[in-house]
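Okay, thanks everyone, let's get going.

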Amino acid sequence: MDGDDQHEHTKHALESIRHAAHQKMPGSEPSELRRLRLLYADTSILLAFQSLFLCLNAQHESTRQEKRLFAVSLLDHAIIITGPPQERYDLIQALILRIQVSMSPSSLSIEAVEPDKASPNLAKHLPTAINEVAIYTSLPSLSSFAREAALRPFVLKGLASEWPAVTSWLSPEYLLRVTGLGRIVPVEVGSDYRSDEWAQRLMPWEDFLRHLFSRSPYSNDSEVLYLAQHNIFSQFPDLRNDFHIPDYVYAGLNAPASFPSYEPPTNDEQLVINAWIGDHSARSPAHIDPFFNLYAQVVGRKQVWLAPPSMSSRMYPLERARNHPAENKLAKSEMSNTSRIDVFSDDPLDVEFPDFASTVPQAALSVVLEPGDVLCFPPGWWHAMRVYGAGPSMSLSFWF
């Protein structure tokens, strides 16, 4: 067996092991799942090293660049799919940085869409929500916050307005420069995860940025891409320098009377930070989450619809018919945490959803979040969101 055949044989064997580990992850017991994740991460690292070794013998710079990009992609797969333990994570990040240093420079030139122009066909006041969310223009003390947060949603006006992200994340060139070349991200494909046409896929971060910043409400590109509920900062830790964790997440809140089963996240920080990045078509249907949420609008505007837990029996939740990847796995019910109703619909809902139409709008609230606004709402509240206006929207959720 010559050298090329041996390399190909090794690659095929590693890919087979990696694929088998991935296939066995769903439904595995915790101890077995940890072993499979380590196996997937380790085979990804070995495949990346093999790609870099082949890079040494490549005659053309374009081939070397291709091998480096492939190695970074493999390492990103390990971060996204396995959430590797700290020792593997540190190795993977160090490898990615080392590879990127050797890459040929690239630039991302986009005539970006303005994110602050409201699309004229979106109503600010929704027929499905009679009430408006309270807006606090002065920041409450921690004790005042603790009292209010368990009762109802409210907006902390401008709490995030001084974050560097509010201005720096307007630049796709900046986002590519901070993250470096060759990165991939998980995206949702489709406007509604309740649809059979909805899917998930991994795509190059650079391609996602180009899609995100070059689309407009009048674009012919009909594909909707949404980077949703993703801890992007495990991949791109330097982006954490662009925002601050609000002190309010450490208020130590008790379970509200409306959601007595509340428990904080089980990680060491008791805090989960996710990014939500999409174009003007991105939206999330009405659903519930089991945590308190500080939802910060960073770029663009977003319209939010909310209804209290007391309306749950009138929200027509989907039956838990399949193990949907976008569904919150913490709901302890045979019913989904997601509603069948499009709360942003302009069509009458009284025929198909009479219980909703007769009661819920009188209890529901809505608000349009501006860049720098932070919405706080308790666990168990139904909420739906859609981008309000043209251009990209970027938000951060702090579950606590």
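One definition before the sheet: two strands pair if DSSP finds at least two bridges between them. Helices (H or I, at least four residues) and strands (E, at least two) are DSSP runs, numbered from the N terminus. Now the housekeeping: this is a predicted model, where local features need pLDDT of at least 70 and side-chain atom pairs count only at pLDDT 80 or more, while totals for chains, interfaces and linings use all residues. Residues are numbered from 1 along each chain as its sequence is written, and side-chain values use heavy atoms, with hydrogens and water left out.

So, the sheet. E2 and E3 run parallel and are joined by 3 bridges; Ala-134, for instance, has Phe-154 in E3 as its bridge partner. Both strands belong to an open sheet of 9 strands with mixed pairing, in the order E2-E3-E14-E9-E16-E7-E6-E4-E5. At the edges sit E2 (134-136) and E5 (199-204), each pairing on one side only.

Next, the aromatics. Rings of Phe, Tyr and Trp (its six-membered ring) pair if their centres lie within 6.5 Å; planes under 30 degrees apart are stacked, over 60 edge-to-face, and the rest tilted. That rule gives 16 aromatic pairs. One of them is Trp-163 with Phe-243, a tilted pair at 5.9 Å centre to centre and 50° between the planes. These two are 80 residues apart: Trp-163 is in the loop between E3 and helix H6 (165-168), and Phe-243 is in the loop between helix H9 (232-235) and E7 (272-278).

Phe-243 also pairs with Phe-398: the centres are 6.0 Å apart and the planes at 65°, so that one is edge-to-face. Phe-398 lies in strand E16 (residues 393-399), so this pair ties together parts that are 155 residues apart in sequence.

Phe-243 comes out buried at 5%, and Phe-398 is buried at 1%. Ring pairs link Trp-163, Trp-169, Phe-233, Phe-243 and Phe-398 into a cluster.

Last stop: Thr-179, in helix H7 (residues 172-179). Thr-179 is buried too, at 3% relative accessibility. Leaving out residues up to four places away in sequence, Thr-179 touches Gln-100, Trp-205, Phe-236 and Leu-239, where contact means heavy atoms within 4.5 Å.

Methods:
Buried < 20%, exposed > 50% of the residue type's maximum accessible area, 1.4 Å probe, protein only.
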